Amino acid sequence: MILLSRLCAAFLLALCVWSPGVARAAAPEKVLHDWYRLILELVRHTPTYSPPVASRSFAYLGVTAHEAVAGGSDDLLSLAGQLNGLTTLPERQQGAAYDEAVVLNAALTQAVEAYFGNTGPTGQRAMAAMGTRLRDRVTEGVAPDVVARSIAQGEAVAAHVLAWSADDGGAVIENMGFPQTYTPGAAPESWVPTNATVRQQQAPLLPDWGNNRTFAMPDGKTCPLPPPPAYSEDPASDFYREAMEVVEAKANLTPEHIHIARSWSDDPMLSTTPPGHWVSIARQVLERDNAPFDRQVEVHALLGVGLADSFIGCWDAKFRYDLLRPVTYIRRVIDPAWEPLLITPPFPEYPSGHSTQSGAADVILTALFGDDFAFEDNTMAPDGLAPRQFPSFHAAAEEAGISRLYGGIHFRAAIEQGLAQGRCIGAHTIALTTRR
Amino acid sequence: MRQLSPLRAAMLPAPLIAALLLAPLPAFAGDTLTIPAFADDSATSGITSRYEGDWEYMVGGGVATFDCNADGFADLLFAGGSAPATFYRNASTTGGPLAFVPQVAGLELDAVTGAYPLDIDSDGIMDLVLLRVGENVVMRGLGDCRFARANKDWGFDGGDAWSAAFAATWEGGAGWPTLAIGNYIDRQEEAFPWGSCTPNWLHRPGPTGGRFAAPLPLLPSFCALSLLFTDWNRSGTPSLRVSNDREYYKGGQEQMWRIMPGAEPQRYTAEDGWQNLRIWGMGIASYDLNADSYPEYFLTSMADNKLQTLKAPDGSAPAYADVAFPKGVTAHRPYTGGEVVPSTAWHAQFGDVNNDARADLYVVKGNVARMPDFAQRDPNNLLVQRADGTFQETGDVAGVASMLVGRGGAMADFNLDGLVDLVAVNRWEPAQIWRNVTPGAGGWVQMRLDQPGVNRDAIGGWLELRSGDAVQRREITSGGGHASGQAGWWHFGLGAATGAEARVIWPDGVADDWQPVDANAFYVLERGQPARLWQP
């Protein structure tokens with residue numbers, strides 16, 4: 001694979017000094033580690049950060065980091081002109097010295113504060129503390145003129161990306177993404193609210209998200225998927241059979257199934273969200289392998305772009321098909337007292353968002369790291385769940401998909417077609433050129 | 001007087017669960033809804049206390065309501081946050097405007113987040129527990145509203161934490177109370193405070209009388225913001241409910257602990273029927289709304305709030321249905337128009353503001369601190385219960401829809417006119433107090449409990465009021481709300497009734513006989529004695 005060979009070469013290049021004549025007080029890898037650790041917490045603790053919103057920020061933050069580094073790299077290629085609407089970024093002064101850690105830290109400081117400007121007082125305090133701490137660390141021992149120039153460059157890149165993001169359709173989130181009014185469809189297969197106890201969730205989350213500007217694919221309709229099985233309450237129908245599969249899965253849950261379902265539950269405000277889960281996996285892999293920072297920003301940019309496009313494509317389909325959730329159908333047709341294992345998300349069922357974005361993550365991370373890349377996922381360890389081992393990103397994506405069946409929140413078609421849609425979307429992402 | 005087994009006392013006919021959830025309350029009065037009205041006495045009351053401070057005071061902001069000079073009028077202690085706490089003596093006259101006088105009481109500590117009155121040493125003089133950022137302090141009442149620090153004398157280890165929740169009980173008739181204190185984030189964690197919840201503490205009686213043992217950590221702890229000892233299944237032994245802020249825990253949920261005398265606390269689990277609920281838990285209010293003898297619990301949060309009612313009609317499992325939506329108490333966003341973003345709720349308390357014999361719900365609201373995705377102008381709620389058991393918002397028409405950044409609060413009859421008044425503690429702004437002037441309100445009765453020996457105020461008992469087949473019932477608790485505790489008169493509305501019968505089920509399960517009480521009167525219910533009329 002061309003992309004992979006380019007990346008292998010990048011490993012070697014990363015051993016070289018990036019900006020001539022400048023000694024770094026702190027490694028850019030440390031900057032990435034600390035900011036992404038905080039970003040994953042902020043995603044969990046910022047009220048508007050539902051999975052689509054989180055995916056969008058992961059994309060812009062990844063692109064910000066990538067462009068901040070690419071501007072001083074002989075190898076990394078800017079994504080300007082490749083991503084929809086992204087124009088040429090501010091260039092560095094020719095022959096002038098920059099400190100990569102300072103540039104990167106300045107860019108991420110500004111970007112994080114912008115994308116999480118609505119977080120609560122604790123997040124604000126944490127961002128301020130992180131900014132101060134890292135700034136002090138990365139500027140220590142660096143010539144003042146280099147510091148000033150590097151900060152200006154990082155901030156200019158962040159401002160450029162921020163301006164680009166402002167009109168993509170996803171910049172303003174009101175009422176945590178829930179419309180004030182919503183008229184459900186009248187067809188029997190139409191989605192209806194599933195959480196009867198929560199007033200805020202009587203309308204679906206972000207019904208217009210599928211219209212947002214995409215990053216690497218033309219638009220939200222780029223990767224269509226076939227319709228779900230035709231709605232029917234006939235026990236001989238495919239639809240009924242799919243519902244029965246969900247019922248039987250719940251009835252026959254093993255401890256392993258429950259562990260899988262909970263490990264990939266990724267509820268907003270209680271976890272890093274599904275896209276954050278994949279970013280967390282990427283972080284674990286990058287840090288396990290001590291990946292150089294150019295490699296890291298490349299991974300974050302591509303993964304972020306793919307995850308964000310996945311949610312746009314998935315949401316386009318969700319509101320096109322407007323399908324009811326298993327809990328609605330099963331209680332209506334099979335068992336009025338049925339309860340799923342997981343909390344049913346407040347939006348239409350088909351396709352599965354986690355499956356779509358996991359399919360994309362599979363394609364992107366496999367392209368970056370290779371087939372049969374084994375890893376351990378500790379994302380849910382702080383919440384008391386044991387780690388999970390995977391032989392490949394493909395296997396992890398498949399497990400993420402089937403976890404929604406175990407959890408009782410998706411039919412099989414939504415999972416299988418979601419994974420397929422995600423892989424189609426991911427292919428657009430890996431078609432981007434990130435290396436010269 | 002006769003002995004009732006606690007469980008038998010709790011038993012009622014077991015109606016269908018659906019009927020239980022939505023059954024209209026027994027009403028002493030008719031179906032007409034009396035809209036409450038309040039006069040804002042804040043500017044003239046003499047109260048100027050503000051809850052001050054930055055990040056470490058984003059939670060807390062409580063007020064203690066209690067009578068410390070034996071005049072029957074409830075006095076107030078306001079937490080000041082980074083500013084000193086302020087005590088106000090109630091100088092109101094019966095039926096008059098609400099008037100308070102600041103007075104040095106020995107309570108002027110800084111870093112106070114909340115305060116709960118409790119007669120710890122059962123000497124008949126109210127003591128106080130001050131929750132703080134730093135060392136918690138127990139203050140011994142000396143009489144005439146003077147207090148002295150008693151940590152050393154009572155062996156109370158105040159620790160060093162960010163405390164904002166409290167509850168108390170007397171375990172198994174012990175001679176000394178058990179205090180539960182809820183602790184919040186590790187405040188030393190600057191960049192990564194999430195997941196840093198510090199242990200809650202159980203201060204049990206020590207081996208020698210009159211002192212506390214070393215605090216027992218209640219692990220795991222999940223950043224508690226409200227605690228309540230409550231006999232949820234009428235077993236005779238209260239359990240400890242803990243409402244936790246999901247913003248900061250990882251792997252956490254709402255909790256309830258089984259606290260058996262002499263035994264290690266045990267958490268209720270899914271095997272017991274306890275259900276996983278994760279909210280921004282900030283306050284607990286309880287009341288037996290559906291007259292099935294078991295308390296309902298209102299849990300404040302951000303966006304939707306919860307109203308939990310026991311699913312099992314026999315109290316066999318701690319599983320609850322959330323009926324906030326059908327009851328009309330989700331209170332999830334401002335009701336006054338303008339903002340369409342969610343609310344942030346803190347203190348909650350049930351009380352009958354229009355004396356129609358149905359408990360109403362007061363909720364204090366306020367943004368955490370300039371969170372743009374939540375209402376900046378977030379009116380307090382006054383949800384009045386209708387005859388069918390649902391609630392109607394009246395905060396705006398009643399004149400209590402404060403847009404200040406609320407935290408703690410209280411419902412109490414401060415001028416002893418039979419109408420329940422309201423207090424709200426505000427962050428960075430003066431506290432507010434509203435005098436209830438509801439026209440056409442029903443009758444009322446207020447009672448205070450007194451038993452000899454220990455636990456003079458009968459914490460853990462039940463107070464019941466009967467009129468015909470209808471029984472109103474209150475659990476006598478110390479705890480809950482948001483950082484705000486209360487002791488003193490227990491108020492009931494009577495509607496059009498000219499009288500009723502009252503009885504106490506004391507904390508040891510012994511029930512007094514029913515005794516007649518007249519409308520519009522105060523009574524002291526002393527154990528084993530006839531109800532004693534009290535006059536201001």
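Biologist: What is the handedness of the crossing of H3(A) and H4(A)?

Modeller: The crossing of H3(A) and H4(A) is right-handed. Please bear in mind that this is a predicted model.

Biologist: At what angle do the axes of these two helices, H3 and H4 of chain A, cross?

Modeller: Helix H3 (residues 51-70) and helix H4 (residues 100-115), both of chain A, cross at roughly 160°, and their axes come within 9 Å. An angle over 145 degrees counts as roughly antiparallel, so H3(A) is roughly antiparallel to H4(A).

Biologist: Which residues make the contact?

Modeller: H3(A) contributes Ser57(A), Tyr60(A), Leu61(A), Thr64(A), Ala65(A), Ala68(A) and Val69(A). From H4(A) come Glu100(A), Val103(A), Leu104(A), Ala107(A), Leu108(A), Ala111(A) and Tyr115(A).

Biologist: How do the residues of that contact between H3(A) and H4(A) divide into nonpolar, polar and charged?

Modeller: There are 11 nonpolar residues, two polar and one charged in the contact of H3(A) with H4(A).

Biologist: Turning to the contact between the chains, how many residues does each of chain A and chain B give?

Modeller: Chain A gives 27 residues and chain B gives 29. On the chain A side, helix H2 (28-45) and helix H5 (121-139) each supply at least two residues.

Biologist: Which element gives the most to the side of chain A that touches chain B?

Modeller: That is H5(A), with seven residues. By class, this side of chain A has 11 nonpolar, 10 polar and six charged residues.

Biologist: And chain B itself: how many helices and strands does it have?

Modeller: Chain B has four helices and 39 strands. Its C-alpha trace spans about 60 × 55 × 50 Å along the principal axes. Of its 536 residues, 60% count as buried.

Biologist: Which residues touch the most other members of the largest nonpolar core?

Modeller: They are Leu77(B), Ala115(B), Val129(B), Leu361(B) and Val445(B), in a core of 156 residues. Strand S11 (residues 161-169) of chain B provides the largest share of this core, seven residues.

Biologist: What does Val445(B) touch?

Modeller: Leaving out residues up to four places away in sequence, Val445(B) touches Leu465(B), Phe492(B), Leu494(B), Ala500(B), Val517(B), Ala519(B), Ala521(B) and Tyr523(B).

Biologist: How many residues are in the other core that lies apart from the largest one?

Modeller: That other core has 123 residues, among them Phe239(A), Leu302(A), Ala361(A) and Leu368(A). In soluble globular proteins, nonpolar side chains tend to be buried together.

Notes. Residues are numbered from 1 along each chain as its sequence is written. Chains are lettered from A and ligands numbered from 1 in the order in which they are written. This is a predicted model: local features need pLDDT of at least 70, side-chain atom pairs count only at pLDDT 80 or more; totals for chains, interfaces and linings use all residues. Axes are lines fitted to C-alpha atoms, for helices over the stretch in contact, and angles run from 0 to 180 degrees between N-to-C directions. Angles under 35 degrees count as roughly parallel, over 145 as roughly antiparallel, 65 to 115 as roughly perpendicular and the rest as oblique. A crossing is left-handed if the near helix is turned anticlockwise from the far one by less than a right angle, and right-handed if clockwise. Two residues are in contact if their C-beta atoms, placed from the backbone, lie within 7 Å. Ala, Val, Leu, Ile, Met, Phe, Trp, Tyr, Cys and Pro count as nonpolar, Asp, Glu, Lys and Arg as charged, and the others, Gly among them, as polar. A nonpolar core is a set of buried Ala, Val, Leu, Ile, Met, Phe, Trp, Tyr and Cys residues joined through C-beta atoms within 7 Å. A residue is buried if 20 or more other C-beta atoms lie within 10 Å of its own, exposed if 12 or fewer, and partly exposed in between; C-beta atoms are placed from the backbone.
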